[in-house]
Amino acid sequence: MTVYSAKLTLTSYGNRVTYHEITEQVKQHVEASGIKEGICVVASPHTTCSVIFEELSYDKDFYGYEYLQLDLNKLLENLIPDCKTQGQYHHPGPEHIRVGLEDFKGKISPEAYTMLNTDAHLKSTLLGTSETFVIENGEMQIGMVGYIYFIDWDQLRKRDRTCHIKIIGE
């Protein structure tokens, strides 16, 4: 059995939800792995990001959101409104903010307001942080219209995100 690992570095906008369409990059890693039969896992190590598998929606708005992305954003905004103020959600509480600012000394959140991202955590929990794809004859079985998206739900700051790709098989 062979195990192949790769990472993608993706930059989030910081002022709105960021979608990265990563299908071709993942396919390139499947090919580079040389694995003909197995699985490919695409995963986020971040608690405010998701990986989803969806159809490409060719129509886009002025910000570049595909229409299915707009529909998903609207659905989730209705279900889980953006965290705008302290106390809107139970999280983050005072101890969480203290740990973030003192114990981690700004490594995770540089300022207290950047911890007002409860909505991003809940959206990531709801949609999940990974997708697994079957590899047959050296190709991911994603059909003609399937695309892989890495989503950063955290809108509070621009930053680089990591996407893990793990391919296992023979």
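Trainee: How many bridges join strand 1 to strand 8?
Mentor: Helices (H or I, at least four residues) and strands (E, at least two) are DSSP runs, numbered from the N terminus, and two strands pair if DSSP finds at least two bridges between them. Strand 8 (residues 159–169) runs antiparallel to strand 1, with Leu10 standing opposite Arg161 in strand 8. The number of bridges joining strand 1 to strand 8 is 11.

Trainee: What kind of model is this?
Mentor: Residues are numbered from 1 along each chain as its sequence is written, and side-chain values use heavy atoms, with hydrogens and water left out. Local features need pLDDT of at least 70, side-chain atom pairs count only at pLDDT 80 or more, and totals for chains, interfaces and linings use all residues, in a model that is predicted.

Trainee: What is the order of the open sheet of 5 strands?
Mentor: Strands of a sheet pair through backbone hydrogen bonds, either parallel or antiparallel. In this open sheet the pairing is antiparallel, and the order is 1-8-3-5-6.

Trainee: About how many degrees does the direction of helix 1 make with that of strand 1?
Mentor: Helix 1 (residues 23–33) packs on this sheet, and the strands that it touches include strand 3 (38–43) and strand 5 (130–136); contact means heavy atoms within 4.5 Å. Axes are lines fitted to C-alpha atoms, for helices over the stretch in contact, and angles run from 0 to 180 degrees between N-to-C directions. Helix 1 and strand 1 make an angle of about 160 degrees.

Trainee: In what order do 3 strands form an open sheet?
Mentor: Here too the pairing is antiparallel; strand 2 and strand 7 (residues 146–152), for instance, share 4 bridges. Glu21 has Tyr149 in strand 7 as its bridge partner. The order of these 3 strands is 2-7-4.

Trainee: Where do helix 2 and helix 4 meet, and which residues of helix 4 take part?
Mentor: The axes of helix 2 (residues 67–79) and helix 4 (residues 118–127) come within 11 Å and cross at roughly 115 degrees. Helix 2 brings Leu72, Leu76, Glu77 and Leu79 to the meeting place, and the residues on the helix 4 side are Lys123, Leu126 and Leu127.

Trainee: Is Ser50 buried or exposed?
Mentor: Ser50 sits in strand 4 (residues 49–55). Buried means under 20% relative accessible area, exposed over 50%, and partly exposed in between (1.4 Å probe, protein chains only). Because its relative accessible area is 0%, Ser50 is buried.

Trainee: Which backbone oxygen does the side chain of Ser50 reach?
Mentor: Among the residues in contact with Ser50 are Lys123, Ser124 and Tyr149. At 3.1 Å, the side chain of Ser50 reaches the backbone oxygen of Gly128.

Trainee: What do the buried residues of helix 4 pack against?
Mentor: The buried residues of helix 4 are Thr118, Asp119, Ala120, Lys123 and Ser124. One of them, Lys123, also belongs to the place where helix 2 meets helix 4. The buried residues of helix 4 pack against strand 4 and helix 2.

Terms used. Polar contact = N/O pair within 3.5 Å; in protein donor to acceptor, adjacent residues only side chain to side chain. Lists of a residue's contacts leave out its neighbours within four places in sequence.
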